[in-house]
Amino acid sequence: MTASGAAAAWTPRLEWSRGLLELDAPRVMGVLNVTPDSFSDGGRYLDPGYAVEHAHAMVEEGAAIIDVGGESTRPGAKAVAADEEIDRVLPVVKRLVKELKVPVSVDTGKAEVIKAVTDAGASLINDVYALRMPGALDAVAAADCAICLMHMQGEPRTMQSDPRYDNVVEEVCEFLEGRADACVDAGIPPDRIVLDPGFGFGKSLAHNLALLRHLPELLDLGYPIMVGLSRKSSIGRLTGVETPEDRLAGSLAAASLAAWLGASLVRAHDVAATVQALAVIHAARRQA
Ligand code: HH2
């Protein structure tokens with residue numbers, strides 16, 4: 001499989017008015033879930049002290065951005081009210097914005113949470129609903145931040161019950177293009193937008209594999225691409241490894257393939273190992 005020519009000719013970057021993330025090489029977004037029920041690190045970083053310590057450790061390991069989540073989106077997860085989500089993430093975001101040398105992202109789709117964390121200095125909103133929740137688009141347009149728009153079919157509680165597409169790659173591209181257009185129409189500059197096909201979000205294993213193989217078609221939309229495959233159940237199904245924490249080798253293979261095909265950001269739990277794998281892929285891509 002060849003590295004995407006489009007990606008080689010174009011150097012993606014992500015900007016917002018107080019900052020810039022150069023994406024001239026694939027970067028790692030470190031996952032920090034301050035939730036009791038996330039599928040792989042749930043309950044571990046509910047204490048803000050542990051959460052901040054883990055964020056520092058991920059930055060030491062080479063994370064270019066830290067993504068703080070206060071509500072699990074795993075299939076069947078329970079919804080969390082906005083004020084509870086704010087109570088979970090805001091103390092952590094405030095400390096990370098002050099203490100870290102890398103930008104802070106928040107994984108949320110709720111307008112109230114977006115406003116609270118961007119007022120506190122979060123640089124990126126990572127929204128698995130792609131700004132479709134009430135008020136979310138306006139909240140990002142009014143804030144000084146970048147936005148990751150992710151594709152999801154259905155909603156977390158039911159999304160894996162029977163996902164169906166006529167052509168998953170075309171439909172995901174169309175959806176993401178539409179959401180990016182909505183952002184631009186709302187006044188969000190295009191260089192603040194990153195797109196994510198949403199692996200595991202209303203997708204079967206076959207859908208996930210098709211999206212991975214066809215990642216260069218998403219790149220043709222003209223925005224940097226982020227992927228989140230780390231420890232996910234599709235890696236478990238392909239490898240037969242049941243425990244999410246034990247899926248490192250499979251996660252690295254998937255991250256490497258995505259980076260080879262042009263992904264600029266890889267959302268990962270195992271930062272040091274992912275940074276190492278992407279360094280090799282980047283060197284090989286430069287040669288190509
Ligand atoms: N995956 C998860 C959460 N947020 N955001 C983007 N952009 N892309 C993803 O693939 C993605 C995401 C699920 O992983 P995790 O945060 O580890 O689990 P949980 O949702 O259970 O907290």
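**Reading helix packing and a ligand site**

Q: At what angle do helix α2 and helix α3 pack?
A: In this predicted model, helix α2 (residues 48-60) packs against helix α3 (residues 82-99) at an angle of about 35°, and their axes are 10 Å apart. The crossing of α2 with α3 is right-handed.

Q: Which residues of α2 and α3 make the contact?
A: From α2 come Pro48, Gly49, Ala51, Val52, Ala55 and His56, and from α3 come Val92, Arg95, Leu96 and Glu99. Sorted by class, the residues of this contact are 6 nonpolar, 2 polar and 2 charged.

Q: How do the axes of α6 and α7 cross?
A: The axes of helix α6 (residues 168-185) and helix α7 (residues 205-213) come within 9 Å and cross at roughly 70°. Angles of 65 to 115 degrees count as roughly perpendicular, so α6 is roughly perpendicular to α7. The crossing of α6 and α7 is right-handed.

Q: Which residues of α6 and α7 meet, and in α7 which are their partners?
A: Val168, Val169 and Val172 in α6 meet His207, Ala210 and Leu211 in α7. The contact of α6 with α7 has 5 nonpolar residues, 1 polar residue and no charged ones.

Q: How many residues surround the ligand, and which are the closest?
A: The ligand is surrounded by 18 residues, of which Ser38, Ser72, Thr73, Asp196 and Lys232 are the closest.

Q: Which atom of the ligand is 2.6 Å from the side chain of Asp196?
A: A nitrogen atom of the ligand is 2.6 Å from an N or O atom in that side chain. Backbone atoms take part too: a polar backbone atom of Phe39 is 3.0 Å from an oxygen atom of the ligand, and a backbone N or O atom of Gly228 lies 3.3 Å from an oxygen atom of the ligand.

How values were computed. Residues numbered from 1 in each chain as written. Predicted model: local features only at pLDDT ≥ 70, side-chain atom pairs only at ≥ 80, totals over all residues. Heavy atoms only, no water. Axes fitted to C-alpha atoms, helices over the stretch in contact; angles between N-to-C directions. Helix = DSSP H or I, 4+ residues; strand = E, 2+ residues; numbered from the N terminus. Parallel < 35°, antiparallel > 145°, perpendicular 65-115°, else oblique. Left-handed = near helix turned anticlockwise from the far one by under 90°. Contact = heavy atoms within 4.5 Å. Nonpolar A, V, L, I, M, F, W, Y, C, P; charged D, E, K, R; others polar. Near = heavy atom within 4 Å. Polar contact = N/O pair within 3.5 Å; in protein donor to acceptor, adjacent residues only side chain to side chain.
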